[in-house]
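Please look at the sequence and the structure below. The report that follows covers helix packing and pockets.

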Amino acid sequence: MDASKLNEFRKFIDQCKSNPSILSDPSLFFFRGYLESLGAQLPPSAYNHGDSKSKVMEESDEAMADTEGAKAKFEEEEEDEIIESDVELEGETVEPDNDPPQKMGDPSVEVTDESREASQAAKAKAMDALSEGKLEEAVEHLTEAISLNPTSAIMYGTRASVYIKMKKPNAAIRDAKAALEINPDSAKGYKSRGIAQAMLGLWEEAAKDLHLASKLDYDEEISSVLKKVEPNAHRLGEHRRKYERLRKEREGRKIERERQRRRAEAQAAYEKAKKQEQSSTSINIYFL
């Protein structure tokens with residue numbers, strides 16, 4: 001810097017020290033802003049009457065306000081949580097049975113020809129009891145049959161069908177699951193589980209199992225139950241897909257708002273830095 005300019009600047013500083021009100025001159029707002037940006041605390045006389053901050057600081061506050069405003073704007077646009085509507089369903093259901101789990105067979109037991117014959121004899125007794133409407137007795141005989149031959153998916157499937165008649169869907173599901181673990185292609189296992197699930201109002205799961213049972217071994221009972229189950233399963237599927245789509249769209253809008261908010265904040269920060277740089281440059285130019 002030229003020596004004469006530097007001397008003038010020193011004199012100017014001395015004047016400001018002795019009379020800070022000089023800085024209240026509007027033409028020196030940039031210099032006040034520069035001093036404040038360095039952390040200087042200026043006396044009230046350095047401002048115009050009614051002013052509490054220099055123009056530079058006001059611009060800084062405005063930039064901050066813009067940032068906060070942008071943030072508030074996007075916060076105001078936050079959407080309410082999606083509340084699902086009820087689905088109108090048809091068909092009767094039963095209260096779930098909460099009895100202790102029924103006795104299951106021991107898969108480690110060695111099954112001989114004699115035990116298989118005895119198992120079939122117990123099953124025959126169960127069928128006789130079933131024909132007479134003696135459901136509890138039928139279950140007892142089938143439980144014996146399962147104990148004698150725990151590797152038979154048919155025995156589990158048959159007992160599951162009796163539990164369905166007794167309106168014990170959970171017990172039926174346990175037996176059906178056991179049947180399917182032994183034989184994954186057990187039509188009786190899928191059928192019993194599907195019917196039991198329908199009794200509990202698990203319409204979509206029921207439809208899936210009943211369709212599998214129908215493919216493996218079609219019968220009129222499966223078709224009859226499917227006619228009652230499928231409408232509800234369809235409504236629930238449509239309902240679920242609808243709200244999955246709405247939630248996905250909502251999440252997409254949320255991500256877009258966040259992107260715009262960050263963009264607005266970055267732009268406000270850039271404008272603020274730009275103004276501060278221009279203020280600093282103006283001071284340097286003034287004293288060169």
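Which residues of α5 meet which residues of α6? From α5 come L135, A138, V139, L142, T143, A145 and I146, and they meet M155, Y156, T158, R159, V162, Y163 and K165 in α6. Contact here means heavy atoms within 4.5 Å. Helices are DSSP runs (H or I, at least four residues), numbered from the N terminus.

The model is predicted: local features need pLDDT of at least 70, side-chain atom pairs count only at pLDDT 80 or more, and totals for chains, interfaces and linings use all residues. Residues are numbered from 1 along each chain as its sequence is written, and side-chain values use heavy atoms, with hydrogens and water left out.

**Helix pairs**

The axes of helix α5 (residues 135–148) and α6 come within 10 Å and cross at roughly 160°. That makes α5 roughly antiparallel to α6 (angle over 145 degrees). Axes are lines fitted to C-alpha atoms over the stretch in contact, and angles run from 0 to 180 degrees between N-to-C directions. The α5 and α6 crossing is left-handed: the near helix is turned anticlockwise from the far one by less than a right angle. Their contact residues comprise ten nonpolar, two polar and two charged. Nonpolar covers Ala, Val, Leu, Ile, Met, Phe, Trp, Tyr, Cys and Pro; charged covers Asp, Glu, Lys and Arg; the others, Gly among them, are polar.

Next come α7 (residues 169–182) and α8 (residues 187–199). Their axes come within 8 Å and cross at roughly 155°. α7 is therefore roughly antiparallel to α8. Their crossing is left-handed. On the α7 side, P169, A172, I173, A176, A179 and L180 make the contact; they meet G189, Y190, S192, R193, A196, Q197 and M199 in α8. Nine of these contact residues are nonpolar, three polar and one charged.

α8 also packs on helix α9 (residues 203–216), at an angle of about 155° and with the axes 8 Å apart. The two are therefore roughly antiparallel to each other. Again the crossing is left-handed. Contact residues in α8 include Y190, R193 and Q197, and those in α9 include W203, D209 and L216. This contact divides into ten nonpolar, two polar and four charged residues.

**Pockets**

A pocket is found on a 1 Å grid over the protein atoms alone: an open set of points where a 1.4 Å probe fits, with protein on both sides within 12 Å along at least five of seven lines. Lining residues have an atom within 4 Å of a point. Grid points are joined across faces, edges and corners, and a volume is the space filled by probe spheres set on the points.

| Pocket | Volume | Lining residues by class |
|---|---|---|
| Largest | about 330 Å³ | eight nonpolar, three polar, five charged |

The largest pocket is lined by 16 residues, and the closest to its centre are E92, I195, A198, M199 and K228. α6 (153–165), α8 and α10 (220–287) each supply at least two lining residues. α10 gives the largest share, four residues.

The second largest pocket is lined by S161, I164, K165, K188, K191, S192, I195, E221 and V225. Two or more of its lining residues come from each of α6, α8 and α10. Here α8 gives the most, with four residues.

Definitions and conventions: Angles under 35 degrees count as roughly parallel, over 145 as roughly antiparallel, 65 to 115 as roughly perpendicular and the rest as oblique.
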